Amino acid sequence: MDLKDYNIPYSNWKLLINEWIIGENAKRDREILILNLLDGIPLESLYKEAGINISARQASRVIEKRLPEVISHIDFLKRQ
């Protein structure tokens, strides 16, 4: 999925991620989403770049699970 297709600026994606990713492991999951999807850090480099101790496979599962949560709240931006 290419986030550019949504025509939403970086700062708004970051707002959505920080606002709607809550619960268990939320801090880690927010970091993974921001670093990979917004900053372009490859999943394999998350540990080296940011010290996140997670495999690329686990990080991929985090993105698969959490990104739909973020996308489902895009209308939140319209109410701002």
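**Note on the predicted model**

1. Leaving aside neighbours within four places in sequence, Asp39 is in contact with Tyr10 and Ile34. Asp39 lies in the loop between α2 and α3 (46-50). Its C-alpha atom and that of Tyr10 are separated by 9.2 Å, although the two residues are 29 residues apart along the chain. Asp39 has a relative accessible area of 37% and is therefore partly exposed, since that class runs between 20% and 50%.

2. The average pLDDT of the chain is 91, and 96% of the residues score at least 70. Among the elements of the chain, helix α2 (residues 26-38) has the highest mean pLDDT, 96, while helix α5 (residues 74-78) has the lowest, 77. Where pLDDT is low, predicted coordinates should not be read in detail.

3. Asp29 is buried, because its relative accessible area of 4% falls under the 20% limit. Residues up to four places away in sequence not counted, Asp29 touches Ile21, Glu24, Val62 and Arg66.

4. In helix α1 (residues 10-20), the residues Trp13, Leu16 and Ile17 are buried. They are on the same side of α1, because they cover an arc of only 95° around the axis. An α-helix has 3.6 residues a turn, so residues three or four places apart point the same way.

5. The structure holds one aromatic pair. The ring centres of Tyr6 and Trp13 are 5.7 Å apart and the ring planes stand at 85°, so the pair is edge-to-face, a class that requires planes over 60 degrees apart. As for accessibility, Tyr6 is partly exposed at 32%, whereas Trp13 is buried at 3%.

6. The largest nonpolar core has 26 residues. Those with the most contacts inside this core are Trp13, Leu16, Ile17, Ile32, Leu33, Leu46 and Val70. Helices α1, α2, α4 (56-71) and α5 each supply at least two residues of the core. The contribution of α5 should be read with the mean pLDDT of that helix, 77, in mind.

7. Which residues does Val70 contact, its neighbours within four places in sequence left aside? They are Trp13, Leu16, Ile17, Ile21 and Leu33.

Methods:
Residues are numbered from 1 along each chain as its sequence is written. This is a predicted model: local features need pLDDT of at least 70, side-chain atom pairs count only at pLDDT 80 or more; totals for chains, interfaces and linings use all residues. Side-chain values use heavy atoms; hydrogens and water are left out. pLDDT is the predictor's confidence in each residue, from 0 to 100. Helices (H or I, at least four residues) and strands (E, at least two) are DSSP runs, numbered from the N terminus. Buried means under 20% relative accessible area, exposed over 50%, partly exposed in between (1.4 Å probe, protein chains only). Contact means heavy atoms within 4.5 Å. The arc is that of the directions from the helix axis to the C-beta atoms. Rings of Phe, Tyr and Trp (its six-membered ring) pair if their centres lie within 6.5 Å; planes under 30 degrees apart count as stacked, over 60 as edge-to-face and the rest as tilted. A nonpolar core is a set of buried Ala, Val, Leu, Ile, Met, Phe, Trp, Tyr and Cys residues joined through side-chain atoms within 4.5 Å.
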